[in-house]
Amino acid sequence: MEITANNPNRKSWLKVSEDSDFPIQNIPFGVFITKDDIITIGSRIGDYAIDLGALHQLGYFEGIPLTDDIFLQDTLNDFIADGRKTWRLVRNRIADIFDVKNSKLRDNPEHKDKIIFRMDEIEMLLPVSVGDYTDFYASKEHATNVGSLFRDPENALLPNWLQIPIGYHGRSSSIIPSGTPIRRPYGQNRPAEGSTTPGFGPSKLLDFELEMAFITTASNNLGDRISVDEAEEYIFGLVQFNDWSARDIQAWEYVPLGPFLGKNFASTISPWIVTLDALEPFRVDNPKQNPKPLPYLQQKGKGSFDINLQVSIQPENEKETIVANSNFKYMYWTMAQQLAHHTINGCPVNAGDMMGSGTISGPTKDSYGSMLELTWRGQNPIKLSDGTERKFINDNDTVIMRAHCKNDKVRIGFGECVGKILPAKPF
Ligand code: MN
């Protein structure tokens with residue numbers, strides 16, 4: 001089925017500024033709550049939120065097989081479970097309804113009143129109920145940097161890293177939408193030199209992790225697997241993902257079973273899921289993989305995506321300072337390889353599962369995706385525009401992540417992924 005929603009020449013009758021992340025070619029999916037406390041599934045064009053529940057009730061999806069209440073829900077899980085054909089039909093239809101040449105809704109003020117909201121009239125919620133969350137570790141530069149800092153610069157990359165998309169199972173209960181404040185976590189840290197009693201208190205090395213995450217539809221039953229060639233069929237879309245990390249807690253706890261409380265106190269996502277379909281024009285070649293992975297991981301075609309990523313830190317009542325510029329294309333393992341690997345043992349993947357990419361670090365020092373790497377564990381603090389320095393994230397700092405793709409015709413973006421660190425809760 002043709003993705004007519006991606007037509008780069010299409011214009012909307014809704015006003016869209018030139019630098020908007022949400023032109024009519026984007027049509028992301030999210031969940032929002034209106035001023036009247038009504039929760040609905042929606043999309044966005046420019047600075048307008050579109051109530052898909054109202055659109056459906058008023059008959060605009062006629063001819064597409066959808067249950068009556070598919071958009072009158074507080075999560076996208078059921079819609080995602082309907083599969084790629086339905087996502088495409090709905091996205092194509094929304095593009096058609098808001099096309100500048102289509103007068104049906106454009107010239108119906110009564111319907112417009114029920115369907116269209118200004119972004120400042122609504123609040124974005126979590127778009128999916130995340131059943132299971134997996135975090136990969138798929139950036140070679142990041143794995144090399146962390147291996148050097150935590151273990152041994154001579155053997156930074158462990159031998160399995162180039163053969164396996166390494167990952168761990170995270171915790172979905174602490175995945176939160178952009179804008180939700182985060183308390184600095186308490187935890188244990190490594191005993192001081194000469195002591196056997198661990199330290200305990202608010203984390204001193206609180207960090208962000210610049211990631212993207214993809215959200216799946218129901219993919220396989222227990223015991224079945226998904227091939228690398230069909231894996232993308234099961235990817236609904238992507239969000240930005242800040243996998244907050246407490247490095248001091250992490251460093252003390254991570255041997256032998258890996259990340260635990262240093263990672264699961266909060267992970268912030270951007271609220272609009274940008275579909276894999278919308279990202280089609282931004283495919284790029286996979287990174288060169290040497291050694292060649294096992295056959296079940298070998299992927300043909302272009303499985304990487306050119307998505308510009310940026311991180312800023314904003315102290316309270318101050319301007320923000322950009323601290324990193326990276327790109328999703330720097331990932332060594334693609335999303336399809338991750339999903340194929342995830343199911344190679346027969347582990348089922350469900351609608352609404354979320355897979356984090358792992359921190360995305362590029363080849364240059366300004367493209368690293370965490371403070372741990374940017375400041376080289378605090379050795380090279382970053383100067384902010386207000387004159388203060390940061391080794392890690394301070395109380396009342398806000399971390400802002402942005403992501404967008406751009407070619408000479410369209411810009412498709414993700415909006416913002418924002419989180420503010422509040423002081424630790426007193427004991
Ligand atoms: Mn992570």
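Q: How do strand β1 and strand β2 pair?
A: Strand β1 (residues 30-34) and strand β2 (residues 39-45) run antiparallel and pair over four bridges. Strands here are DSSP runs of E with at least two residues, helices are runs of H or I with at least four residues, and both are numbered from the N terminus. Two strands pair if DSSP finds at least two bridges between them.

Q: Before we go on, what sort of model is this?
A: The model is predicted: local features need pLDDT of at least 70, side-chain atom pairs count only at pLDDT 80 or more, and totals for chains, interfaces and linings use all residues. Residues are numbered from 1 along each chain as its sequence is written, and side-chain values use heavy atoms, with hydrogens and water left out.

Q: Thanks! Which residue of β2 stands opposite Phe-32?
A: That is Thr-40.

Q: And what is the strand order in the antiparallel open sheet?
A: The order of its five strands is β4-β3-β2-β1-β5. At the edges sit β4 (116-118) and β5 (122-125), each pairing on one side only.

Q: Switching to the metal: which residues are the protein donors of the manganese ion?
A: Asp-135 (OD), Glu-209 (OE), Glu-211 (OE) and Asp-243 (OD), at 2.1 to 2.2 Å from the ion. Along the chain the donors have the spacing D-x73-E-x1-E-x31-D. Donors are N, O and S atoms within 2.8 Å of the metal (3.2 Å for Na, K and Ca), and sites may look incomplete because water is not among the atoms.

Q: Where do Glu-209 and Asp-243 sit?
A: Glu-209 is in the loop between β12 (206-207) and β13 (210-216), and Asp-243 is in the loop between β14 (235-242) and β15 (245-246), so the pair ties together parts that are 34 residues apart in sequence.

Q: Is Glu-209 buried or exposed?
A: Buried, at 3% relative accessible area, and Asp-243 is buried too, at 0%. Buried means under 20% relative accessible area, exposed over 50%, and partly exposed in between (1.4 Å probe, protein chains only).

Q: What about Asp-135, on strand β6?
A: Strand β6 (residues 133-136) has both faces covered: Tyr-133 and Asp-135 on one side, Thr-134 and Phe-136 on the other, all buried.

Q: Which strands does β6 pair with?
A: One is strand β22 (residues 354-356), parallel, over three bridges, and another is strand β7 (residues 167-169), antiparallel, also over three bridges. Thr-134 has Met-355 as its bridge partner in β22 and stands opposite His-169 in β7.

Q: OK, charges next. How many salt bridges does the structure hold?
A: It holds 19. The criterion is a side-chain nitrogen of Lys or Arg within 4 Å of a carboxyl oxygen of Asp or Glu.

Q: Which residue forms a salt bridge with Glu-209?
A: Arg-247, at 3.1 Å from N to O. This pair links distant parts of the chain, with Arg-247 in helix α7 (residues 247-253) and Glu-209 in the loop between β12 and β13, 38 residues apart. Asp-207, Glu-209, Arg-247 and Lys-263 are linked in a salt-bridge network.

Q: And what does Asp-395 meet?
A: The side chain of Asp-395 meets that of Arg-184 in a salt bridge (2.6 Å, N to O). Asp-395 lies in the loop between β24 (389-390) and β25 (398-406) and Arg-184 in the loop between β9 and β10, 211 residues apart. Asp-395 is partly exposed at 32% relative accessibility, while Arg-184 is buried at 9%.
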